[in-house]
2 protein chains.
Amino acid sequence: MTAPGTLYGLGVGPGDPELITLKALRLLRACPVLAWPAPEEGPSLARSIVEEHLPGGQTEIAIRMPMSVARFPAQEVYDRAADEMAGHLSAGRDVAVLCEGDPFFYGSFMYLFGRMVDRFPVHVVPGVSSMMACSAVLDAPLAARNDVLTVLPAPIEENRLEAALATADAAAILKLGRHFAKVRAVLDRLGLAGRARYVERATMGEQQRILPVAAVDPEAVPYFSMILVHARGAAWTL
Amino acid sequence: MTAPGTLYGLGVGPGDPELITLKALRLLRACPVLAWPAPEEGPSLARSIVEEHLPGGQTEIAIRMPMSVARFPAQEVYDRAADEMAGHLSAGRDVAVLCEGDPFFYGSFMYLFGRMVDRFPVHVVPGVSSMMACSAVLDAPLAARNDVLTVLPAPIEENRLEAALATADAAAILKLGRHFAKVRAVLDRLGLAGRARYVERATMGEQQRILPVAAVDPEAVPYFSMILVHARGAAWTL
């Protein structure tokens, strides 16, 4: 009987191809099978990040997600991808799933992880997350000393967002997209807009944009954007 | 007049030397001057992470911090290090400060950053943080979907810790050290101890330890340890 392959969740970093780790790069090149998330049509961001590092000749599995936010089509897409990966793993072939940022920090990898962890060896390689990338390109510490840092997905209810932001020392607001206008209204009510900065596609070269929150067009906010808030100000001198 | 050098804050990752990024490795090797934090006596963790990658022949600045938690000796240590680095930068030599994990995620780099950013070019290279490393070695997603993730330094007041943990979907509690007993008492009161796991020196080879919170000896908890709490349970199937 063939020993099963290992499923790797590879954090490939926030966008700059140079922000991949040595470990993820080694496994990326060594695995005979790669899988990557992508929209229903068009290129995969995760694959584009590592494209320059690919040796060629690997089997690739595209996990294409329909735009619809309904759960059931998404479940089917992950079920199908899991079946295809299971075929390779059962035959002894390692499979690497490419994950933007870090696999376990709000990543869709967990849906595959949940389907595979009881059946095959799984190994997760942590990556540089977009949150740390945003902080670096903003030239501003994310959290310091005994700051409480709150990480808030923008789709949560407005009341909860407001309550969390009212008490946080520092906050990162993720997954902005069509929720930007709601988030900005909350920041305005709390008097925090001046302490907040908006970053789009951090470390992605010429696609990166940094703006004051007041200058952002709410109709043109991509999913890969983030707001960092330093509620206590720039208190980074000892 | 010589153009000034650049001060780099290099995230070197959580401990495994293979979890450094290609970018940090390139700059680490290219900078003529390295600076690294260390205790008053003994080796530097940040330097030990990158030791195998060093080409030799670089000037090194040790930033040795006394055990005392008093502010004024610490200020003097950073002032002296900043002066020494300023000498190199003014002479056109780039200086790389080695930072465990990510430079701007609770890192001491910010104290040097605050002293230098108005005088010299500064560039921060984000790194894999210990929080992502702990999540990876625990084989458990840190935050999923619309979870609110709260990052709590253990030294904060017990009341504040309890209020934050009572409402978080997921939490990371950092800088445990001598604050472990207080943290465990709060987790016990909230009924969260069974949903919390303790990790020591994640990705640091044989030094890594993973324990249920109940099994930890509060007298033997190092600074480089963390508790991750999944208050809503392991809800990582779609």
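pLDDT is the predictor's confidence in each residue, from 0 to 100. This model is predicted.

**Exercise 1. Judge the confidence scores for chain A and for the complex.**

Step 1. Start with chain A. Its average pLDDT is 93. A score of at least 70 is reached by 95% of its residues.
Step 2. Turn to the complex. The predictor assigns an ipTM of 0.95 and a pTM of 0.95.

**Exercise 2. Work out the strand order of the five-stranded open sheet in chain B, and name its edge strands.**

Step 1. Read the order: 3-2-4-1-5. The pairing is parallel.
Step 2. Find the strands that pair on one side only. In chain B these are strand 3 (59-65) and strand 5 (122-125).
Step 3. Neighbouring strands are turned by 20 degrees against each other on average, direction ignored.
Step 4. Strand 1 (residues 7-11) and strand 5 of chain B run parallel, joined by four bridges. Within strand 5, B:H123 is the bridge partner of B:Y8.

**Exercise 3. Describe the side of chain A that touches chain B.**

Step 1. Count the contacts: 51 residues of chain A meet 50 residues of chain B.
Step 2. List contributors. Elements of chain A that each supply at least two residues include helix 1 (22-30), helix 3 (71-90) and strand 6 (149-153).
Step 3. Pick the top one. Strand 6 of chain A gives the most, with five residues.
Step 4. Sort by class. This side has 35 nonpolar, ten polar and six charged residues.
Step 5. Look across the interface. Three bridges join strand 6 of chain A to strand 6 (residues 149-153) of chain B, and the two run antiparallel. A:L149 has B:V151 as its bridge partner.

Notes. Residues are numbered from 1 along each chain as its sequence is written. Chains are lettered from A and ligands numbered from 1 in the order in which they are written. This is a predicted model: local features need pLDDT of at least 70, side-chain atom pairs count only at pLDDT 80 or more; totals for chains, interfaces and linings use all residues. Two strands pair if DSSP finds at least two bridges between them. Axes are lines fitted to C-alpha atoms, for helices over the stretch in contact, and angles run from 0 to 180 degrees between N-to-C directions. Two residues are in contact if their C-beta atoms, placed from the backbone, lie within 7 Å. Ala, Val, Leu, Ile, Met, Phe, Trp, Tyr, Cys and Pro count as nonpolar, Asp, Glu, Lys and Arg as charged, and the others, Gly among them, as polar.
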